Amino acid sequence: MIRQFELVERVKAYDPSADEEALNRAYVFAMKVHGTQTRLSGDPYFSHPLEVAGILTDYKVDMASIITALLHDTVEDTETTLKDIKKSFGKDVSRLVDGVTKLTRIEFQSDQAKQAENFRKFVLAMSEDIRVLLVKLADRLHNMRTLHYIKDPGKRRRIALETMDIYAPLAERIGMQGMKNELEDLAFGELNPDARKSILKRLDFLREKGGDLIPRIITELEKTLADKGINAVIEGREKTPYSVWDKMQDQDLGFEQLSDIMAFRVIVDTIEDCYLTLGIAHGAYPVVPGRFKDYLSTPKPNGYRSLHTGVFGPERQRIELQIRTAEMHDIAEHGVAAHWNYKEGEGGGKNAGAAPQYRWLRELLDIIEHAAEPEEFLEHTKLEMFKDQVFCFTPRGDLITLPKGATPVDFAYAVHSEVGDRCVGTKINGRMMPLRSELRNGDQVDIITSEAQTPSPTWESFVVTGKARSRIRRYIRSQESDEYTKLGTAILERAFEDEGYKFTNKAIRNVLKVFKQTKVKDLFAKVGAGVLTGREVVEAVFPGIRKKKDDGKIVPLAHARDKQAKARSGKGGKEDGVSIKGLIPGMALHLANCCHPLPGDRIVGIVTTGKGVTIHTIDCDTLEDFVDAPERWLDVSWDVGNDDQEIHVGRIHLAVLNVPGSLGDLSTVIARNDGNISNLKITERSTQFFNMLIDIEVRDVKHLTDIIAALRADPAINSVERARG
Ligand code: MN
């Protein structure tokens, strides 16, 4: 536990004008009101606010924040009121304590709607003054350090999850990298202790193998730089187990492939020295490609500035170098706390949102004010603001912020919808890369566009932003309707032709009303999508043919039932001129609707009393229902030799790629092989595939098999099977 004089000394070290008397008063006040309260660790309760204040001195925060840290639990856990605090420590401190108390009272584990509402309150409270968040983060850090004293595993887990999901991202957002790393690693230890242990073991192994690698590398790096006249302070460290784990998950890499288990900070005097150091490092050691980042000329939005590069260092180990000046280093370590302007009147306090580094906070408030539902707000904020983000740049240096996992296509749509629609390729940091590449922080993204390009449905499977997804979907919808229109036109032309009529738009226009459509194109699309059959449209145009149909050859699926009824009542052993051997004369016959037997198929008849015989293919699934009734099975076969030129309906299952033109291909292949689509139904539609059932008019099973073979040969068609039951 830090002593009173130590705390004062620490503050005085970075702020000589600090009000020592006020600090001492806060110290005594907190100690007195917490009295004999104890922590779960057995320590006096007062040790906690004291440690929190101690953590904050590392970040060199102002006096009011330190005093707030000392008092932060007094209102929540003791008889003390805000009035008492205001009287003893002034308005500023009492407002800060109030803010921290509010944050403390908010719990995140409740149901979704409540969680959203609580998060809203949380943001509102911290946006009053960013120092509230600084104190709260230090409070959480100390609680995480002492988490193991909590007995209840459920409670430990809840706190760890909250830390991972909310506090660590907030710490990162305000640039407190060290705070973020420690919070994450502590939470990781609670949430996934086995993974953390195995990574520690692996790190130990590497450390043993390499001996005192870090000091040796530092010594050699210092010598290399000193030889060239650069004065540098070098710090080396291993990444935390969590950040190693995160990288492994994120990049799907094995341990050995990670280049930056060791990172070295090279702190030099001037910006010029930064670039000189980079040149020396690149001259002295082989460079790991693709690792160079210049956050000097384009700082991260949280203010971070540094040069990053990867080299095969002095010991042939892959190491990461972060090169920066002392001032930049301070900001990198302390983030928002390094800027003194978080204080009221200097861009902080009530106007916290005005300073550029708080733009995210202002945006957050904006979303809060405009979100219709708490859930909507949560989605915006938690998903888009607090999920990790990547910050990328246009070639002109404009910053584009995207959610993690975003691709160049997301980037293109974020720049402008037109750019997204027309993008054909991308250069990331000057190199041509696939459009599905995941963008990384600091990437410069150059989108190559072409007037001829249109959005590809395959993009939908990898974009992550709502804007990109909705634009692509909108385009696919319009494309689909084009495809259906083409297909529908082809089906109708054929249906008219089969009846001996010429197909005209005029004829269609006359029957639009019958089908409750307003445009010819819409009716075509309905036919193409299988909602209407070609036959139905032909019948509407020429009502006279309905009678004729009963003797006709074309049997659209929708009418198969009428036809069977007809068959049942009449000529035994024959349906539509189909001859089948093995039937009792006079028996009604129908072809099963489940398997659509075709001449040439091996078939079986199933007798149903009073209804006649139903013909199934021998491999039809429906036959399973009759295994216990062998007396109903009838051995039948097609009456070959009968010059059968009849038309039969075969049914297939088909999965076709969901890309423009594929439905057109499909109908072309079938038509080229003399088949005629009589019905088409899309059973499932995903981003990758259409699954559909298609009825094709064919002569016999060989004809259908030929069509299936031709379909299988088409690259746009993924799979084709005959429908079986
Ligand atoms: Mn506390």
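Me: Which relative accessible area counts as buried?
Reply: Buried means under 20% relative accessible area, exposed over 50%, partly exposed in between (1.4 Å probe, protein chains only). This is a predicted model: local features need pLDDT of at least 70, side-chain atom pairs count only at pLDDT 80 or more, and totals for chains, interfaces and linings use all residues. Numbering runs from 1 along each chain as its sequence is written, and side-chain values use heavy atoms, without hydrogens and water. The buried cut-off is under 20%.

Me: Is Phe-503 buried or exposed?
Reply: Its relative accessible area is 16%. That value makes Phe-503 buried.

Me: How many aromatic pairs does a search of the whole structure find?
Reply: Rings of Phe, Tyr and Trp (its six-membered ring) pair with centres within 6.5 Å; planes under 30 degrees apart are stacked, over 60 edge-to-face, the rest tilted. With that test, the search of the whole structure finds seven.

Me: What is the angle between the planes of Phe-503 and Phe-524?
Reply: The two rings form a tilted pair. Their centres are 5.9 Å apart, and the angle between the planes is 40°.

Me: How many residues apart in sequence are the parts that this pair ties together?
Reply: Helices (H or I, at least four residues) and strands (E, at least two) are DSSP runs, numbered from the N terminus. Phe-503 sits in the loop between helix H20 (466–498) and helix H21 (505–511). Phe-524 belongs to helix H22 (residues 520–528) and is buried at 7% relative accessibility. The pair therefore ties together parts separated in sequence by 21 residues.

Me: Which are the edge strands of the open sheet?
Reply: Five strands with mixed pairing give the order S1-S2-S5-S4-S3. An edge strand pairs on one side only, where pairing needs at least two DSSP bridges. The edges are strand S1 (233–238) and strand S3 (293–294).

Me: Which helix packs on the sheet?
Reply: S1 and strand S2 (residues 262–268) pair in the antiparallel sense over six bridges. The helix touches S1, S2 and strand S5 (318–325), a contact being heavy atoms within 4.5 Å. Its direction makes about 110° with that of S5 (axes fitted to C-alpha atoms, for helices over the stretch in contact; angles from 0 to 180 degrees between N-to-C directions). It is helix H15 (residues 326–334).

Me: Which residues does Glu-220 touch, not counting those up to four places away in sequence?
Reply: Glu-220 lies in helix H12 (residues 213–227). At 35% relative accessible area, Glu-220 is partly exposed. Its contacts beyond four places in sequence are Tyr-285 and Pro-314.
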